[in-house]
Structure formats: structure tokens, C-alpha cells
Amino acid sequence: MTGLTRGRLRDSRLFIVRPGLGAALASGNVTSASVISVNAGRGKDADWAGKSGRTAIDKRPVAGRVEVGRLGLGGDEQVDKPAHGGPEQALYAYAREDLDWWVERLGRELPSGMFGENITTAGLDVTGAMIGEIWDMGTARVQVTGPRIPCVMFAGRMDERHWVKRFAAARRPGAYLRVLREGAVGAGDRLEVVSRPGERVTIAESMTAYYGDAVLMRRLLRVEGRGLDWDNIAPGVLGRATADS
């Protein structure tokens, strides 16, 4: 069971799509997008970590440059690989701007890596990124494959009331990335959007599709470069839509 197929909520009416950070960012016309933190962690025991009892969601900033491989960062561990790893979810990126949005609402400090992200960005609307779009990041090249779907493990990490529903409703999920070209990345590296697919579905919209929007799901299935999990998720969403019509 993958990160996209875990924790599905059936009633998409519970959720709203949030706007992007601005027209310039949403259009990809950014001149100062960068990596502000590269975060890694090893598995550790946790009493809230579900059946396995172990988790590597605790990511901390790493000094210097870090190797980016097809399956993730050098020195990083993914304990629950079916849910948060593999080539389709090799890296997880989250925007510092969205972390700061949560700081205002939760009233607590959220250091880079707090959401389990490997890459904390600045100057790029990650949630407004398109499924299938390609970034150059340091010397690596990556592709956006899908949103992070909140799960019990994430809820345990945050220890916030109704966290799964709140995170899903905010439509600020961050983006999973496929590695197209291995390389290295470090804090301060430029992050550049180098291409976008012709069929455009944003990360926020893909989350709405996941939670039951059949129209968006049909569009997403036409997107080149989408994560392979979408082909397994779509029949359930489209089947429920047909049954409800």
C-alpha cells in the first residue's frame, strides 16, 4: 500500500482547494527559487509508529552536499518503503512558505524537515506545481509525481488534534519526486522549473482527485510523467463516481 493509497477519505466535499502563493509563482515565472534545507533521518522506535513500531519521519537538516539517487538521498532511510519510498516517491519536497502558514495556525515552531520532507524549498509554490513537471535541483533533475497523503504516522509525529483531516483540508500537501538524473543537492542550491506537461493538473488538484473528484482524475490520467500509482488509484475513484451518478 503506497503513500497515495493509504488513508483515503471518501467524502471529497469535506475539503477545499486552496489558492496558490501568487500568479507569478503559479505560472512558474520564478527567479529566486532555491533549496533552503536538505533533510535526512534514520529509522527509530516510536510508540505512535503503528504496527512496525519504527519510523524515519524525523528528518533533520544535513550540512554540505548530499547525493541524490534513484531511491532517495544518501544517508536517508525510509522505513515504510511501500508508503514513502521507491522510485516514484524517492524524495518529498515541502515549501517553507507552507510551513510558515502552518506555524501561524498551530502556534508552534516548525523547523525544516518537521513534515518529514527531504527538501525544504523557498520561492516556489510547491503545491501549485504540476504533476509531471520537471525541476533542476542542484545537479539533480527530478519530476513531480504526486501529493503527500496524510497518514496515521504523520498524525503521530505532529500530535495535533484531527491532524489527518486538517492537513488534507488545507490542500498544502507538498510533492513527491521521481529522480530523473542523479546528482547532488545542498542548502542554497537554485531550484528551477525546466518543463511542464501539456495537460496541467496541480498538486492541490491531484489531491482533490484522490479524494474523489472524477473530472480531475480523468484529466490526471492524461498527464505525462504522472506517478504510476495513479493508474491503480483511478479505477476506485471513477467507479465510485459512476455508482453515485
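Modeller: The accessible surface of the protein chain (Shrake-Rupley method, 1.4 Å probe) comes to about 10,700 Å², and 52% of that area belongs to carbon and sulfur atoms. This is a predicted model, in which local features need pLDDT of at least 70 and side-chain atom pairs count only at pLDDT 80 or more, while totals for chains, interfaces and linings use all residues. Residues are numbered from 1 along each chain as its sequence is written, and side-chain values use heavy atoms, with hydrogens and water left out. Of the 245 residues of the protein chain, 53% count as buried, meaning under 20% relative accessible area with a 1.4 Å probe, protein chains only. The chain has eight helices and 13 strands, taken as DSSP runs (H or I of at least four residues for helices, E of at least two for strands) and numbered from the N terminus.

Turning to the helix pair, the axes of α3 (residues 96–106) and α5 (residues 163–170) come within 13 Å and cross at roughly 130°, where axes are lines fitted to C-alpha atoms over the stretch in contact and angles run from 0 to 180 degrees between N-to-C directions. That angle makes α3 oblique to α5, the class left once angles under 35 degrees (roughly parallel), over 145 (roughly antiparallel) and 65 to 115 (roughly perpendicular) are set aside. On the α3 side, Trp 101, Trp 102, Arg 105 and Leu 106 meet Trp 163, Arg 166, Phe 167 and Ala 170 of α5, contact being heavy atoms within 4.5 Å.

Note on methods. Buried < 20%, exposed > 50% of the residue type's maximum accessible area, 1.4 Å probe, protein only.
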